[in-house]
Amino acid sequence: MNLSTLWEGIKNAFKALRNGEFLLRIRADKYYMHIMYLFLLMWVTILLSLQVDKTLTKAGDNQAAIDQLRIHHAEKEAALVKLHSASAAETRLKELGVNLTLPQEPATVIKKK
Amino acid sequence: MSRKQSEIQDTIENRDRIHVVMFFLSLLFLFLGLAILVRIWHIQATYTVDERVINLFRPAVQKHVDYPVRGKILASDGRPLAISAPLYDIYMDCTVRKAEYAETGKDSLERAWQNKARDLSVYLSNEFRDKSAEAYAKAILDGRARGAKYLRIQKNVDLSTLDKVKTFPLFKEGPYTGGFIVEKHEERIYPYDSLARRVIGYVKEQNRIGLESSFDSELHGREGYEWRRVTDNKRWVRDLDSTQVKVQDGNDIRTTLNVDFQDIADKALRAQIQADDEVRAGICIIMEAKTGAIRAMVNLSRGDTPQTVLWERENLILREVGEQGSVMKTVTLVSLVEDGYVKTLDQTIPTNNGFVPGGYNQDVHILDYQRETGRRDITVMHGFEISSNYVFTWLAETYYGKKPQEMFDHLYSYRFGEAFDFDITGMGTPVINRPGTPNWSKTTLGTTAYGYSVAVTPLHIATFYNGIANKGRMMKPYLVESVEKDGKVLKRFEPSALNSSICSQATADTVTRALRSVVNEGTATRLKSAKLPVAGKTGTARVVLSPKERGRSTDPYSDEYGRKKFQGTFVGFFPADAPKYTILVTVYSYPSHRNFYGGTKPALAIREIVDKLYALDGEWDATIRSTAALPQMEKEITLKKGLVPDLKGYGLKDALYALETLGMRCQYEGSGHVASQSPAPGTKAKADQTVKLILK
């Protein structure tokens, strides 16, 4: 192929594009199904990629929510545990003006003979 | 031109061409060199990074490090002693949009922002209650005036509070309008505040103490990382094509500590220390006799002056190596009984006016004893009860004087010669002045017998007494029973013995009898009326002063004003007849003119602890065995129309049901079960018959 032939081919291609005959000239109709299939694959790929991003974003949000709940849980646990000691109970009873004190005698256990 | 001349001419032309080429090449390299130098100067001196360019070089993914959540430290019943949770510091950029509002020339925008800041101040004041709303408003508006971009609002705020603060006026508009800045930092929360803090410890950069330090490898966990990419929605998500290391949160440590025991011991000891300005510190250890599991470990001390806060400042139980005083007499007694030198506690020795030859001090207690009793001999039991230094010096010199190594071998077998393995590192190394060591003198044997010349930690003493309580089997004290992950046990630490037999069971029983006698008749009678029988020994020891404390004094035990530092100890176990726990309490004084005896403050603290532990649950002989069978319903009630049924032994509910079914009325007295009835069972019933029941 010499340069003049190549130039002629390019010119023809431009002319065909201008006239809307390019695809027919290259006989693309023969590959119509393949082209459509390729488009479908690309569309599915893009869609899946977007879905994966969406899922990962959601997973990230959920992880953040779990982390927040974990922190809340730890804080609540600490606050509750703080009250769960004999001294804390005694102090609280005193603050409330209640006369109740810690037991002076152990609870009596009744066991069958 | 001849051929030769022509060749010469060609050579010259070739050379000229080469010269030209070489000239231009060298010129080119020179130019390139200069260009490089100029470029270096330009990069170093004047070049600034263009963000658009640098963005092209930035990777499309970023490495994100996940930090593990530190494991919990749990009490033996699972209550958390240390938890990890983040806390937040809140700051404010007071300058937000100030320049923008100024550019618009509208004062209304700036006024609106400032009004919101005033509203915010009211909310902040109500929430934190540390400053008035006016003070908050002044701080924010002054900050805006002077251009403060990082005004501290509050530190160490928890998540619940942070969530609330986020909804406050101005702050709810976010960082770009509200100037809301939050900084997160992981913190360790100790729900019981100062309780067992020295045992729990902490890890702060280079400062590492307690269980937090010893078990850091378990608690810390392992960092993870993942690569993240940005999505079309500008959100960062995990890049599935890259490697990922999952973060591993730390394991939990379950300790042997009992929160209730620790709380009771802490409170009792605190009361004893706070009642006296001359007491510097106090310690308490409660150990389970059978296993060596430590149920409470209290280390309370003040600072240099009594006005300082009482706090868990140092682990004295583990680190305070010192002469323990008369509590060591039990050690000597065990050795003497075990070696057969003391066959019975009623064995007598001569009193000799309290003198043991060889340079020992006179024991004035013996003179009192001689005066009161008129006797010239004393039983070993009584010498132990009154904690006579003379008696134990005499026994040691008489039986071990010619073979002192025999007595020191016993000390080593009780593990007094070493810092044995323990769950918290840093145990103090004991000092024993045995024959052949530089500090050995002719009185060392006798002084060792009553608790001087040998320095050990309180943990050594408690471990030894625990061995007596455990009938000679000396258990290794331990603080951690398991390593867990989400409640599943990964590693369990079983009890183990330091010495499976420090003495025979008979020796342990004999010594226990002597220890019981100390409480009933001797130096610890304050414990006599404790709700559980206690056996133990008091000890009072002078503490060697540091050169700074001693000043110009030449006496190692007193300062220039004649003041001494004392430590008073009580160590024993309870219930004396079937020991379940070993307990040690020591109080340490500031330099003082007073004495601090083991039979006073330590004994009082122990009494309070024992009484409270007694009331804690029903395991202490408070069990009532049912001796009489309660009335039981053994058969169905037989109902025959027109006849009064037999209701004896039934509850009121069943009796009423039976009578109403038969159309009879009921009267009853008392409560419980039917003990008798009238009319008698089987009697023919009248119409509207009333049956009277006595319940008991």
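Colleague: Why do you say that strand β11 (residues 252-255) and strand β20 (residues 480-485) of chain B pair?

Modeller: In this predicted model, the two strands are joined in the antiparallel sense over four bridges. Pairing calls for at least two bridges, so β11(B) and β20(B) qualify. As one point along them, B:Arg254 stands opposite B:Ser482 of β20(B).

Colleague: What makes β20(B) and strand β21 (residues 488-492) of chain B a pair?

Modeller: The same test applies: four antiparallel bridges link β20(B) and β21(B), and at least two are needed, so they are called paired. B:Val483 has B:Lys491 in β21(B) as its bridge partner. These two strands form a hairpin with two residues between them. In the turn, B:Asp486 has a positive phi of about 50 degrees.

Colleague: What makes a residue of α22(B) buried, and which residues are they?

Modeller: A buried residue has 20 or more other C-beta atoms within 10 Å of its own. Those of α22(B) that pass include B:Ala603, B:Ile606, B:Ile609, B:Val610 and B:Leu613, and also the charged B:Lys601, B:Arg607 and B:Lys612. The buried residues of this helix pack against α11 (259-274), β12 (279-288), β23 (535-543), β24 (565-574) and β25 (581-589) of chain B.

Colleague: Where does B:Ile606 sit in the largest nonpolar core?

Modeller: B:Ile606 is among the residues with the most contacts inside that core of 130 residues, along with B:Leu81, B:Ala265, B:Cys284 and B:Ile285. B:Leu81 touches, among others, B:Ile73, B:Tyr190, B:Ile200 and B:Leu257. A second, separate core of 16 residues includes B:Ile90, B:Leu170, B:Phe171 and B:Phe180.

Colleague: What makes the two chains neighbours in the model, and which element of chain A gives the most?

Modeller: Contact means C-beta atoms within 7 Å, and 29 residues of chain A are in contact with 34 residues of chain B. α3(A) gives the most to chain A's side, with 13 residues. By class, that side has twelve nonpolar, nine polar and eight charged residues.

Colleague: How confident is the predictor in chain B?

Modeller: Chain B averages a pLDDT of 90, and 97% of its residues score at least 70. The model scores ipTM 0.73 and pTM 0.77.

How values were computed:
Residues are numbered from 1 along each chain as its sequence is written. Chains are lettered from A and ligands numbered from 1 in the order in which they are written. This is a predicted model: local features need pLDDT of at least 70, side-chain atom pairs count only at pLDDT 80 or more; totals for chains, interfaces and linings use all residues. pLDDT is the predictor's confidence in each residue, from 0 to 100. A residue is buried if 20 or more other C-beta atoms lie within 10 Å of its own, exposed if 12 or fewer, and partly exposed in between; C-beta atoms are placed from the backbone. A nonpolar core is a set of buried Ala, Val, Leu, Ile, Met, Phe, Trp, Tyr and Cys residues joined through C-beta atoms within 7 Å. Lists of a residue's contacts leave out its neighbours within four places in sequence.
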